[in-house]
Amino acid sequence: MTGQAATILDIRDIRKNFGAYQALKGVSLSVAQGEFIALVGPSGCGKTTLLKQIAGFETPDSGSLSIDGQDMLGVPAAARPTSMVFQKLALFPHMTVADNIGFPLKLRKVAADVIARRVRDMIELMQLKPEFLARYPRQLSGGEQQRVALARSMISEPKLLLLDEPLSALDVKLKKVLQAELKRLHRSVGVTFVHVTHDLEEAMMLADRICVMRAGEILQVGQPNDIYYRPADAFVAGFIGDTNLLPVTVTGVDGAGAAISAPGLFDRARLPVPLVAPSLAAGPAHLMVRPELLAPLAAGQRAEFELEARVSEIFSKGGTVQYRSILADGSPLIFELAGSSTQPAQIGDVIRLGFANRDIYLFPGGQSR
Ligand SMILES: Nc1ncnc2c1ncn2[C@@H]1O[C@H](COP(=O)(O)OP(=O)(O)OP(=O)(O)O)[C@@H](O)[C@H]1O
């Protein structure tokens, strides 16, 4: 997303308590027109609660929320320019597909011929077969039903489409198809999508920006690559995929990066490390290196950072193979290599691995080494 796009959704310091429980502890988020933003975080962190404040199904205790410059607090859900798609299908079983899709317009008393035309547009947009129009939801597959639900949510031309895990009930293959559909839909209609998902791969694939939440707070908002390679802290690093966090001591930070010391871990670390968290200062820090950035070193080959590890487990992931290994001090190290018909290491092998200082990210925390 470009930085110049107008703000469509502006959430400021929203708080929501259920009794004594603080479900949202002062959440602020700004979303640009046309953006695809994914909300991720552990179960119970407040993703759905946040979506409900946007949709108007719940009212925040304090804070402000505007859509396209209009204050939304006090505006009922039906009057908001939003549409929500749920994980569990909310299609009306006793209505045909055509009536289901046209329902939001019927509520608004739009003329029948206009509804029929718009329903046909939606069928085309969602690449559903025209013969489905006369069927009932039970006569469609789960994936087809979810497309109908999407068609119904788009027919009223919302400014914001709110998606609450709409794909999580589908099988893996169908999910992949619908993920591609969602991306295509987003590109073709230019509507802003706010998408709650448990599936991090889905968030990385679909979203322009990912918003990571924990315990009612937003920890980080950023482009998928930034969240993945430059996480705000150890929680975000570990939540967004497998990673290695090695304890080091930062001995100095300047414009060129950080100098670190990690006696017993690296024999010949070349310094400084260029990519560091803005808040990094001298003291204990986490050195993060993602598993796919570690590479086995051939005999005599050197790298800026080198580690020796004993392979303890091997998991084939199809295109890649993940190796779980143990460093000399007993701490774990994960590395991941492209799959091949021959395995470069077996369980029990000691393997020398290298990575470059530009592959590392340093953020504060942890214990000194
Ligand atoms: N109406 C309610 N009354 C009381 N507590 C609620 C209510 N709605 C949500 N909560 C609590 O608020 C917290 C946040 O819930 P929410 O549904 O937003 O989580 P979530 O991040 O969407 O979780 P999940 O990923 O499991 O769907 C949970 O602990 C939940 O039990």
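**Close-up views of a predicted model**

View 1. Helix 1 gives the most to the shell around the ligand, with three residues. Helices (H or I, at least four residues) and strands (E, at least two) are DSSP runs, numbered from the N terminus. This is a predicted model: local features need pLDDT of at least 70, side-chain atom pairs count only at pLDDT 80 or more, and totals for chains, interfaces and linings use all residues. Residue numbers start from 1 along each chain as its sequence is written. Around the ligand sit F18, Y21, A23, G41, S43, G44, C45, G46, K47, T48, T49 and H198. A residue is near a molecule or strand if its C-beta atom, placed from the backbone, lies within 6 Å of it. Strand 2 (21–32) and helix 1 (47–55) each supply at least two residues of this shell. By class, the shell holds four nonpolar, seven polar and one charged residues. Here Ala, Val, Leu, Ile, Met, Phe, Trp, Tyr, Cys and Pro count as nonpolar, Asp, Glu, Lys and Arg as charged, and the others, Gly among them, as polar.

View 2. Four strands form an open sheet in the order 2-1-4-5, with antiparallel pairing. Strand 2 and strand 5 (70–71) are the edge strands, each pairing on one side only. Two strands pair if DSSP finds at least two bridges between them. Strand 1 (residues 7–18) and strand 4 (residues 62–67) run antiparallel and are joined by five bridges. D10 stands opposite S66 of strand 4.

View 3. Strand 3 (residues 36–40) is largely enclosed by the rest of the structure, because five of its five residues are buried. A residue is buried if 20 or more other C-beta atoms lie within 10 Å of its own, exposed if 12 or fewer, and partly exposed in between, with C-beta atoms placed from the backbone. Both faces are covered: F36, A38 and V40 are buried on one side, I37 and L39 on the other. Four bridges link strand 3 to strand 8 (residues 192–196), running parallel. F36 has F193 as its bridge partner in strand 8. Strand 9 (residues 209–214) also runs parallel to strand 3, again with four bridges. I37 stands opposite R209 there.

**View 4. L29 and its contacts.** L29 lies in strand 2. L29 is buried, with 20 other C-beta atoms within 10 Å. Not counting residues up to four places away in sequence, L29 touches I11, C211, I218 and V221. Contact here means C-beta atoms, placed from the backbone, within 7 Å. L29 and I218 are 189 residues apart along the chain, yet 8.5 Å separate their C-alpha atoms.

**View 5. The largest nonpolar core.** This core has 91 residues, of which A38, A151, V194, C211, L287 and L362 touch the most other members. It draws at least three residues from each of domain 1 (7–229) and domain 2 (242–364). Such a core is a set of buried Ala, Val, Leu, Ile, Met, Phe, Trp, Tyr and Cys residues joined through C-beta atoms within 7 Å. Domain bounds come from an automatic or database domain assignment. Taken over C-alpha atoms, the centres of the two domains are 39 Å apart. Leaving aside neighbours within four places in sequence, A151 contacts I101, M122, I123, L125, M126 and L128.

Conventions:
Contact = placed C-beta atoms within 7 Å.
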